[in-house]
Amino acid sequence: MPLTLEKLVTKYGKYLMITPTVIVYTLFLIIPTATLILLSFNTGERYAFDLSAVTFENYVKVLSRPTFYEIMIDTFGMALLTAFITFVVVYPAAYYLAFKIENVRLQGIILFLLLAMYWIDWNIRSIAWLPILGEQGIVNQLLMSSGIIEQPLKILFSRLALIIIWVQTNLLFMLFPTYLSLSRINPDLIYTAKALGASPWKAFWHITFRLSLSGVTVGLVFVFVSTLGDYATPSLWAGGLQTLGLTVHHYASFFRWPLAATYATIMLVISLILLSLILRISNIKRIFYE
Amino acid sequence: MVKDKAKVVLGIYTALLLAFFLTPLAMVVVLSFKAGASMTFPIEGFSLDWYFAPPGKLGTGGFRTGIFYDLYVTDAVKSSLIVGITTGILAFVIGLPTALAFRYKFVGRDLLFYIILTGFLLPGVIMGLGAVLFYKMIGIKEFSIWTVVPIHLVYTLPFSFILVLARFDPMLVEYEKAARALGASGWEVFKKITFPLIKTEALSFFLFSFTLSLGELLRASYVIAGTGTIPTFIYNQMSVVAPTPKWYAMGTITMAISFGVLLIGALLLTRGARRVF
Amino acid sequence: MKVEKLVKWYRSGKEKILALNGVSFEVEKGDFFVMMGPSGCGKSTTLKCIAGILDWDSGDIYIMGRSVKDVPPHKRDIALMPETYALFPHMTVYDNIAFGLRMRGKDEDYIREKVKWSLKLVGMPGFENRWPNELSGGQRQRVSLARALVVDPAILLLDEPLSHVDYRLQRKLLEEFKIIHREVGNTWVLTTHIQEQGLSMADTLMIMNTGVIEQIGKPQEIYERPATVFAARFVGEINLVDGVVEEQHGEDCIVKTSIGVFRGKYYGNRELKGEKVAYGFRPEYVTLGVNEEYNGNTVKAKLFNYYYFGSYVEFMFKKDGITLKAASTPTTRYKLGDEVMLGWPPEKGLVLDKPSVIPGLNIEEVIYGK
C-alpha cells in the first residue's frame, strides 16, 4: 500500500504531538536538574560547572555536619507527618463528597469553589492565621477570657503552627486525588460485598478503602513534596525551625551555588527514592491512562 | 430501614473541615476592610483605605498606600497576570496534544509520564535553583517575568495534565475511528469530533495552569527580577516590613481573581457532566 | 420467603417513578424461582429489596418467617450474584470467593476446602490464584456464582445471571445451575428477561410487568393457561386477534372475531358473554392445508413470508390485515402468495379477557401493540 501522508501522520502523528512538551521538559526540567547535580561537585561561588574542578568536597562537608542529619530528619519528618495528618483529616470529607452528595453538578461546583479559594497566594493564606493564632488572636482571646490561661499562648511561631498552616495549605492536594479515586469505585462492588455478608464497616474497609488507596497515595505524595520544598512557610512561621529547603535557599542567597546545589541534590535523591517507591507501589499510571 | 447516620455525621465533619479551611480566608477578606493598622481583631472601623487610599493619606511610607495606588502592587498584579495567562495558554497549546497522544501507546510513554509528573513533584527550591543555574549557564543574566514562564509551565502542566487525562471519555478513540471509517479526513475528525468533545478539558488546561501559576512562589522567586509576581512581592514585603492590613487587601484581590476565573470554569466545565472527573 | 405488598418509588429530584406497586408472592423452600419480565418491570428491584441493598417504601419481606425490614443485608441469610458479576478487582479469585466466608468468621482451613469445592462445582478447578482481569466473561461469571454459592445461604439471589453470556454458554450454564441447585438444595431466586431461560429453568415462574405480577405458576401452567395477554405473549409466540364472546359453557367459548368465529378455552371465572376478549392460538398448534373435514378452527390466509430455523419453519400469513404465524416442519408445498387453509384444535385456542393485570388498559391496544 502506498505510503501516503495520511498514513505517516497517523502513525507518527502522536510523536509530533508530544514533541513540544518533550522539548520544554528537557530544556527546563531535565537540563536544569542535571546542571544542579553537576554543580554540586564543584565548590566556591561559581555557577557554571567546571569539569576540571570536580570534587566531593561539598558532600564531605555536608555529610559530616551533625546538624545536617538533624535538619534532614526534621525536614522529612515534618513533611511525612503533615502528609499523614492531612490524609486523616481529609479522607472523611472526600468520602462524603464522593458518596453522599448525589447531584454530580453540586459535587463539581463545591470542588471548584474549593479550588478557587485555594489558589489564593500562599503567604497571604498563612498570614491569615495571624488574627487567629497570634498573641492577640481569637484563639488566645477566647482562651484568656474564659480563664483557661493567664498569658497568651505563643502558638504561632512553632512547629504546631507550621503543621496547621501546612495542612490547611495542602488540604486540596490531598482532597482531589482521594476524591477522584473514591468516586470511580464501582458501587456494585460495595453493595455486593454487603450482600455477601459484609457489615457496612467491613465493606468500607475491605472494598472502598482498599480501592481508594491509589488516590490516597497520590495525595500523600503531593503533600509530602509540596511541604518538603517549601522554605517560605517555615521561614515565616516556624520560628527558627531549620529545614533543608531553607538551607538551600540560604546558601543560594549568599551565592554559594555549589553548596546550595549539594544540599539540593541530597534532597533530590532522597525525595526521588521515596517517591519512586510510593509510585511503584501504587501503580499510579493505572488510574490515569490505562 | 437503616437510616443514613453516616451521611449526617460526615456532612457535619465536612462542613467543619470546610470552615477550618475557609476561616483564614474569610478573615483575610473581612480584615482587609478594617481601618487602623493592627492586624487582628477587634475591628475598630471599616474602611476601604487599604484598597484606595492615595499616597500620603495613611502616613508616609509606601506600605501605607492603598493597593490600587501602589505602583508596586499594580505592577506585581500585572506581572502575575501576564505570567499566568501566558503559562495557561502555553500549557494548553502543548499540553492538550500531549494528553491526546497519551491515549495511544507509543515508545517512551511511561517515561514521559514520569518526567511530566516530576515537573510538579520536584520541590520548589530544587527547581528554582536549577533554573537559575541553567539560565546563567546559557547566558541569561537578567531575569524578568519571561524567565518565569517556562518554569511555571513545567510546574503547572502536570496538574492539568493528569486531571484532564482522568476526564477523557474512554470512548473518544472509538468515536474517532468511527468517523474515519465514515470517510472523514484526519483534520475533519479533529475539528468535528475530537475538539467538541474535549472543549471542556481544553479549558481546564488553561484554568488550572493559570491559577497554579498565580500562587506559585518558590520557583518564581529564583528567576525573577523587579517587583516580581504577586507571591514573590508579598513574600519579600513580609520578610522586611511590618504587616498591615494592606496585605489582607492584596490577598483579597488575588483571591477574587482566581475565584472569578475558576467560577466561570466551574460553570462551564460541569455543564451537563455526568461525573465530575 | 414471603413478599408482602411491596411498594417502591424511585425518586430523582422532583420526579418519582413507581417501580413496585404492591407486589406480593411466596417462595417455597428449596424452589428454583425465576422472576421474568421486560426491562423495567421491577424484577431486579424486587431482587435487590430481598437482598437488602435497596430500601422500600411500604410492605414487607419475610425470610424464614421473620421480617427483614430492619435487617441489613449482611445479617440476612442471603448471597448475591449481581448482574455485572462485580468481582473485586483488587483480590484474587481465591480471595473473592473466600470473601463471604471470611465475613462470617470461618477459619482458613474450612475456607480453603470450600473454595476448592466451589471452583470444582463451577468447572474452574485450579483458578485460585488468578486475577479477575485475567478472566473471560464466562469465567468471571462462574467465579461470581461460586462466590455466592460458597456461603451456603438459605436464599441464593442471582440477577440476570445468563443475560450477558453467549448462547452456547447460556445453555451449558443453565444445565449447570440446575445440577448445582439440586445438589446443594437451597432456594434460588433469579431474574431474567429471556423467555426461554425462564421457561426451561424455573420450578416456579413469576411474570412481572411494570411493578406488578402478571402471573405466578409452573412454567407449563403459564404457557398453556396464561392469565393475561401480556403473560401469554411473554412466554412464547402467540397469534392474537380481538373478538366478542358469543357463547360460554364452562370453559368452552365461542368467540366472534374479524377473521372468523372460533372456539377456545377460557380458564378464568368471569361471565364473558358479550364481552370483548382477546382470542389467541400458538403457532406450533397450527396445521397447514387442512381440508373441509377438519374438526377444529380454520381460517384461510395468504402466505407472505417465512423464516427458516432449521428444525422448523415459521410461516407468516395475512388475513384481512392481521398477521398469523404458523410453525411447522419444513415443507415445500407452499409458495409465497398461496392461499392456505390453517387449522388448530379448539382446546388450544385461548380466550383471554384481561390484557394485563394493570388496570385501565384497552385490550385492542395491547393486542395490536400501541
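How many helices and strands are there in chain C? Select chain C and you'll be looking at nine helices and 20 strands. Keep in mind as you go that this is a predicted model.

**Stop one: chain C as a whole**

Stay zoomed out for a moment. The C-alpha trace of chain C spans about 75 × 45 × 40 Å along its principal axes. Chain C has 370 residues, and 41% of them count as buried. Take the contacts in chain C with a separation of 6 or more: 66% of those are between residues 24 or more positions apart.

**Stop two: a sheet in chain C**

Next, select β6, β7, β8, β3, β9 and β10 of chain C. In that order they form an open sheet of six strands, with mixed pairing. Which strands stand at the edges? They are β6 (78–81) and β10 (212–217) of chain C; each has a single partner strand, so one side of each is left without a neighbour in the sheet. Going from one strand to the next, the twist averages 15°.

Now zoom in on β7 (residues 155–159) and β8 (residues 187–192) of chain C. These two run parallel and are joined by five bridges. To see one pairing for yourself, click C:I155: its bridge partner in β8(C) is C:T187.

Helix α4 lies across β6 and β7 of chain C, and runs at about 175° to β6(C).

**Stop three: where chain A touches chain C**

Bring chain A into view. The contact between the two chains takes 15 residues from chain A and 20 residues from chain C. On the chain A side, α9 (187–195) and α10 (200–228) each supply at least two residues. The largest share of that side, six residues, comes from α9(A). By class, the chain A side divides into seven nonpolar, four polar and four charged residues.

**Last stop: two helices of chain A**

Hide everything but α9(A) and α10(A). How do they pack? Their axes are 9 Å apart and the angle is about 135°. Angles over 145 degrees would count as roughly antiparallel and 65 to 115 as roughly perpendicular, so α9(A) and α10(A) are oblique to each other. Their crossing is right-handed.

Show the side chains here. α9(A) brings A:L189, A:I190, A:A193 and A:K194 to the contact, while α10(A) brings A:P200, A:A203, A:H206, A:I207 and A:T208. Colour this contact by class and you'll get six nonpolar, two polar and one charged residues.

Terms used:
Residues numbered from 1 in each chain as written. Chains lettered and ligands numbered in written order. Predicted model: local features only at pLDDT ≥ 70, side-chain atom pairs only at ≥ 80, totals over all residues. Contact = placed C-beta atoms within 7 Å. Helix = DSSP H or I, 4+ residues; strand = E, 2+ residues; numbered from the N terminus. Nonpolar A, V, L, I, M, F, W, Y, C, P; charged D, E, K, R; others polar. Pairing = 2+ DSSP bridges. Axes fitted to C-alpha atoms, helices over the stretch in contact; angles between N-to-C directions. Parallel < 35°, antiparallel > 145°, perpendicular 65-115°, else oblique. Left-handed = near helix turned anticlockwise from the far one by under 90°. Buried ≥ 20, exposed ≤ 12 C-beta atoms within 10 Å, placed from the backbone.
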